[in-house]
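Let's take a walk through this structure together, from a single side chain to the packing around it. Keep the viewer open and follow along as we go.

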Amino acid sequence: MTAEASGTFPPGSGEHILFVDDEPTICSLAHTFLERSGYRVTTHTNPEKALEEFHGDFDQFALVITNLIMPQLTGVQLARIIS
């Protein structure tokens, strides 16, 4: 049974996630939840700063999670730039 089918969140094994959201509270909650689930997490409330970090060493991230609507860049714009 997959994690999706069972309704559970898959535990991590130290994979590094870049989480981007303009709301500090959401970043904090995501950071706590993902770290407790076994992931390394870097959060940014500024998508431009997240891009700088991503482009500095993109191989360090296994996954990027981004909010869709942010003031500086939308999540779609951010995804297009990093892909």
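Buried means under 20% relative accessible area, exposed means over 50%, and partly exposed is what falls in between. With that in hand, please note that this is a predicted model, and then find His-16, which lies in strand S1. Is His-16 buried or exposed? Its relative accessible area is 6%, so His-16 counts as buried. The side chain of His-16 has polar partners too: a polar contact of 2.7 Å joins it to the side chain of Thr-42, and another, of 3.4 Å, joins it to that of Gln-60. Leaving out residues up to four places away in sequence, His-16 touches Arg-40, Val-41, Thr-42, Gln-60, Phe-61, Ala-62 and Leu-63.

From here we can turn to the nonpolar packing. In soluble globular proteins, nonpolar side chains tend to be buried together. The largest nonpolar core in this model has nine residues: Leu-18, Val-20, Ala-50, Leu-51, Phe-54, Phe-61, Met-70, Leu-73 and Leu-78. Strand S1 (16-20) and helix H3 (47-56) each contribute at least two residues to this core, and the largest share, three residues, belongs to H3. Apart from this core lies another, of seven residues, including Phe-19, Cys-27, Leu-34 and Tyr-39.

Helix H3 deserves a look of its own. Which residues of H3 are buried? They are Pro-47, Ala-50, Leu-51 and Phe-54. These residues cover an arc of only 100° around the axis, and therefore sit on the same side of H3.

Next, move to the loop between S1 and helix H2 (24-36), where you will find Asp-21. Asp-21 is buried yet has no salt bridge, and the nearest side chain of opposite charge, Lys-49, is 17 Å away. What the side chain of Asp-21 does reach is the backbone nitrogen of Glu-23, at 2.8 Å. Beyond its neighbours within four places in sequence, Asp-21 is in contact with Ile-26, Cys-27, His-44, Thr-45, Asn-67 and Met-70.

Two more stops complete the tour. Thr-43 sits in strand S2 and, with a relative accessible area of 29%, is partly exposed. Leaving aside neighbours within four places in sequence, Thr-43 is in contact with Phe-19, Cys-27 and His-31. The C-alpha atoms of Thr-43 and Pro-24 are separated by 9.0 Å, with the two residues 19 apart along the chain. Val-76, in helix H4, counts as partly exposed at 35% relative accessibility. Its C-alpha atom is 8.6 Å from that of Thr-66, a residue ten places away along the chain.

Methods
Residues numbered from 1 in each chain as written. Predicted model: local features only at pLDDT ≥ 70, side-chain atom pairs only at ≥ 80, totals over all residues. Heavy atoms only, no water. Core = buried A, V, L, I, M, F, W, Y, C linked by side-chain atoms within 4.5 Å. Buried < 20%, exposed > 50% of the residue type's maximum accessible area, 1.4 Å probe, protein only. Helix = DSSP H or I, 4+ residues; strand = E, 2+ residues; numbered from the N terminus. Lys, Arg positive; Asp, Glu negative; His and termini not counted. Salt bridge = Lys/Arg side-chain N within 4 Å of Asp/Glu carboxyl O. Polar contact = N/O pair within 3.5 Å; in protein donor to acceptor, adjacent residues only side chain to side chain. Contact = heavy atoms within 4.5 Å. Arc of directions from axis to C-beta.
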